[in-house]
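Dear colleague,

I am handing over the structure below, and my notes on it follow directly after.

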Amino acid sequence: PCRGSLCERHCGLINNPQGDLGDLGCYLHRPHGPPALCPPLDEVCESCVGRTTLTAENLVEATKLSNNYKFGFKKWKGHVTERPWEDRSEIVKELYSDLNVIRGSGGPTVTFGNILYLLLFGWWLSLLYVMVAAVMFLTVVGAPYGHLCWHLAGYFLWPFGKVIQTVEVPKPHMDETSALLGDPVASSWCQRCWADAGPLRRVGAVAWLCLGYPVLVLAHGLVCVTAWLLIVSIPVAKLNARSITHLLLLPPEQLCVRRLRMTEVPLQGEVILCCYQALNPYYYKYTVDGLNVFAVNLLPLVLVTLVLGYVDNHNRLTSSAIKFSLALLSIMPLSYYIGMAIASISAQSNFAVGAVVNATFGSITELTFYITALIKGSREGNHCYAEIVKSALTGTLVGCVLFVPGLCMVIGGIRHQEQRFNSRSAGVSSALLFLSVGGVFAPTLFSKVYGKLVCGECHNITQNPLGHYLCHNCHFDLMGSNGTLYYSHVQPLVYTVSLLLPAAYLIGLFFTLKTHSHIYDIHISDCHMPGHHHSAVVHWSRWRALVILVLSTLCMSACADLATEHISPILTNSTISQYFIGVTVLAMVPELPEIVNGIQFALQNNLSLSIEIGSCIAVQVCMLQIPILVLFTIFYPTNFTLVFSDLHVYASMFSVVLMNYIFMDGKCDYFQGTVLVMVYFILLAVYFFAPSPSGC
């Protein structure tokens, strides 16, 4: 047995059955030796305190966890393999129940959720069953199904605390109040059995399948879809789905509906339905084939968006504003699918394949939207699209530097008084951010120094030729003297920066992943609880993940095309600054899956990954996305130039400086997170009241 508080703390982290990160762990476990449950007390040294020990159920999951700490790899919170059933908590196990288990104590049945079910679904479902029962009684041959519908009307009015079971068809001489059936009322109809159950039964079944079953399938299907979309009411969806696929297809004389009693002996038969609660708030954790239920529910939105966008070309069914909103919302589940596919491929492949996949598809969401917007602006000869892209790039940079880590600090700080993170790895990201921001805005600063200030309109406010003038729409002209300044000086500088930034990114990868990988102090422990050595059962194989990745990218391109197609009326008719639209909606909506991942990491006291999520996105914006857009303009001329407005320059530089100051000591709390979030909202207010770019 382990003794000593420090040793017990290490053992608790190493034997963490959740497969999550422990902030401390003992590095002295020998990776090639036999698994140990706990190190001896004298082996726990101070060097263990600075290291990070990861525990996982299998090798694939361990690779995914390790990839989360690699610079340039997409951070993914969810599992890419099936978790062992015995490792899950009782709360999670209940989420995947088929509602066919009788519990000793299901708790009170009169709850807010159950009453809400009665008001939304129960009363009209019960009424429909009564009407179907009347129809089946009128057919005479369908009378057994009429009896069934009559009893199911009472069940679906309030199904909580009741059970539907199959029972053996009793012999005719059996007493109707047999203790086997428990309930005399239930037994009176459960034991009804036709003696001549030949052709007459088949005719009754045909009448049921033609008159009763289709109507009930439609009703249950409507309730099932509605309850599934609400997520917290998924138990109601399961109840109705099981009714369609199993309950209503069984012979009526084999079914028994009864109310559960604490002292009652259960029937010897298959439990068809047994539900206690209509709502369960923990269903936000529910997954389908490894996919979170929110991403599954938003997938039909993508299909609706594509159909409306490409079929209703003349906006007869919906307006451009609705199509733009749908296209933007559709990007969120597609970003989730792309992230899941990248994590699955990387976890099942070697380092080289994972690095290539992350570098190729890591920024595909943002680049797809930016490139389609630039192409549309070039075709229409409208430079406003280029300004929108610049605003979105700046908004992503500022949001990932201030809002993402700040929000994670606030939410994580509510649960943990003080959170620590790896200051050395954060320092590498900060250095790359300083370098990238300086490189991206170097052409802008160059144009401010050597450009010619041109104003569109000036007024003499003193009526004196030598007095003061008030000028509007002033900008630095780089195209004067036949564009000599731009083509001879600014453009070569832009191309030089666009080549140096990706090179610096590759050097950062080589530094953090090869020569100085010890910065992260990652150790994959082979210590598990007894019996926890499982083989990996992946949700998505490499080929399946690759197919989903390609399809999601194609759908992303289509949604980005629809968003840029229908953004023109919004930019034209909106009274809000186009700067504000770019730095908020267009910049942060595609990053929502990453923000959710960061919050989940912070809640588990793993702030290092929450910070790395924002930093990696910001670095990729400057060192990959912007150079790719610049190089794209070489092959497809657009209005995009690497010259930003003063507001973008000041906001970006101030954000990077503030972030570096906050991250100096390697620890933080909710107050520092609040500072970052408040500064972000102040910058949003500046963008909100700022005038739109000239000519837009």
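In strand 5, L273 is the bridge partner of I164, and strand 5 (271–275) is joined by four bridges to strand 3 (residues 162–166), the two running antiparallel. Strands here are DSSP runs of E with at least two residues, helices are runs of H or I with at least four, and both are numbered from the N terminus. This is a predicted model, in which local features need pLDDT of at least 70 and side-chain atom pairs count only at pLDDT 80 or more, while totals for chains, interfaces and linings use all residues. Residues are numbered from 1 along each chain as its sequence is written, and side-chain values use heavy atoms, with hydrogens and water left out.

Three strands make up an open antiparallel sheet in the order 4-3-5, where pairing requires at least two DSSP bridges between two strands. Strand 4 (255–259) and strand 5 are the edge strands, each pairing on one side only, and the twist from one strand to the next averages 15 degrees. Helix 5 (residues 143–157) lies across strand 3, strand 4 and strand 5, at about 150 degrees to strand 3.

As for helix packing, the axes of helix 7 (residues 199–230) and helix 8 (residues 234–245) come within 8 Å and cross at roughly 155 degrees (axes are lines fitted to C-alpha atoms, for helices over the stretch in contact, and angles run from 0 to 180 degrees between N-to-C directions). Helix 7 is therefore roughly antiparallel to helix 8, a term used for angles over 145 degrees. Their contact (heavy atoms within 4.5 Å) involves residues including Y213 and W228 of helix 7 and I234 and I244 of helix 8.

Best regards

Definitions and conventions
Parallel < 35°, antiparallel > 145°, perpendicular 65-115°, else oblique.
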